[in-house]
Amino acid sequence: MFKTISMNKTHALFLLLLLAVMPSFAQPPMQGGEWKASDGKHVNVHGGNILALGGTYYWYGEARSHDGKPYSSLGVGLYTSKDLLHWTSRGLVLPVSREAGSDIEGGCIMERPKVVYNARTRKYVMWFHLELKGQGYDAARYGIATSDTPAGPFRFVRSGRVNPGGWPIGFSLPDTTDLRHQLLFPELKAWWTPEWRTQIERGMFFVRDLEGGQMARDMTIFVDDDGKAYHVYSSEDNLTLQIAQLADDYMSHNGSFVRVAAGGQNEAPTVFKKDGVYWMITSGCTGWAPNAARMFCAKNIFGPWKQLPNPCRGEGADKTFGAQGTYIFELTTGRERKLFKGAGHVFMADIWNPEHLSESRHLWIPVTFEDGVPVLRK
Ligand code: DGJ
């Protein structure tokens, strides 16, 4: 009898000890754990970006419904923080519309919003990937909204395809006149034949979309040191990236753009600049499932862009640690850098939960440099 009781006591003690150390085993919020905001709920902004303004951080992103329908967008949500760790929900800064026929009518898909500040107009400008209600992912449009204040509300301005009728830098009509006809050749309808790949590189899908404008799906906005801003997006059926410069007020494209990594199937573009070099980290195209990140660098935003090996290192590197990038946030203060191992930038990524997108987790990894190239270690 005595023996049994002492065994139970030992068990109880062990259990207590285990419970005491348990929290240290739980994943920290920035490393894919549940990230509870001040309302006690997991932070429901995904695919977004952060703006630092006068001591406050504004975290914008896709707000998804909790009802289990994977694609249901509520709109663009905002959380604010004073320390990058504790966040307060500020609700929807651009909700989907109740107005029938609106481009952002409820049922549409709003993804990967990025908000930037335009010093000339003193407006906050939001760009996002928009798919129209009932059309799956076929519309492939950008959307723009604007606000006088970072906390919104943002006013939806318009949506569209990119640079209709426009030719990218280094491309010309004579080089591509035959390409429209190529689309009709049956052998080129077989994807991934060497001939098909060659014609993709030559711009077969680019030419297909010339009149109506280029497709724009996964995207980011990069603002350069000189204030010029660029829309970086997956185009041409997600096969080719494009980088299009914005007008000075950030409210439209200015017509200058390039095609990057034609036929390379890149999504989730993220861009940063360090010591005059532009770095871009992207993913492959596997829906919501993670894959290996890709990396490119260039001395000019319009290229040429050179592809480098996967920047991820260590266990899980072949799947970006289960995540997909959304934004690279520059760390400017000593306190910010201390939070991320002294790094100058942090790679923000989403661990998607396609069954419940609102529950998708956040993975923020410092961008460190090894042998002169960016490295991501979880
Ligand atoms: C991968 C993209 O990166 C996401 O933003 C989303 O569009 C999914 N594909 C949809 O399958």
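I searched the whole structure for disulfides, meaning pairs of cysteine sulfur atoms within 2.5 Å, and found 0. Cysteine 285 is in no disulfide; its nearest cysteine sulfur belongs to cysteine 312 and lies 16 Å away. Cysteine 297 is in no disulfide either, and there too the nearest cysteine sulfur is that of cysteine 312, at 16 Å.

I noted that this is a predicted model, where local features need pLDDT of at least 70 and side-chain atom pairs count only at pLDDT 80 or more, while totals for chains, interfaces and linings use all residues. Residues are numbered from 1 along each chain as its sequence is written, and side-chain values use heavy atoms, leaving out hydrogens and water.

Next I looked up burial (buried is under 20% relative accessible area, exposed over 50%, partly exposed in between, with a 1.4 Å probe and protein chains only). Cysteine 297 is buried at 15%, and cysteine 285 is partly exposed at 25%. Of the 378 residues in the protein chain, 51% are buried.

For secondary structure I recorded 6 helices and 21 strands in the protein chain; these are DSSP runs, helices being H or I of at least four residues and strands E of at least two, numbered from the N terminus.

Last, I checked contacts, which are heavy atoms within 4.5 Å. Among contacts in the protein chain with a separation of 6 or more, 51% join residues 24 or more positions apart. I also wrote down the span of the C-alpha trace along its principal axes, about 95 × 45 × 45 Å.
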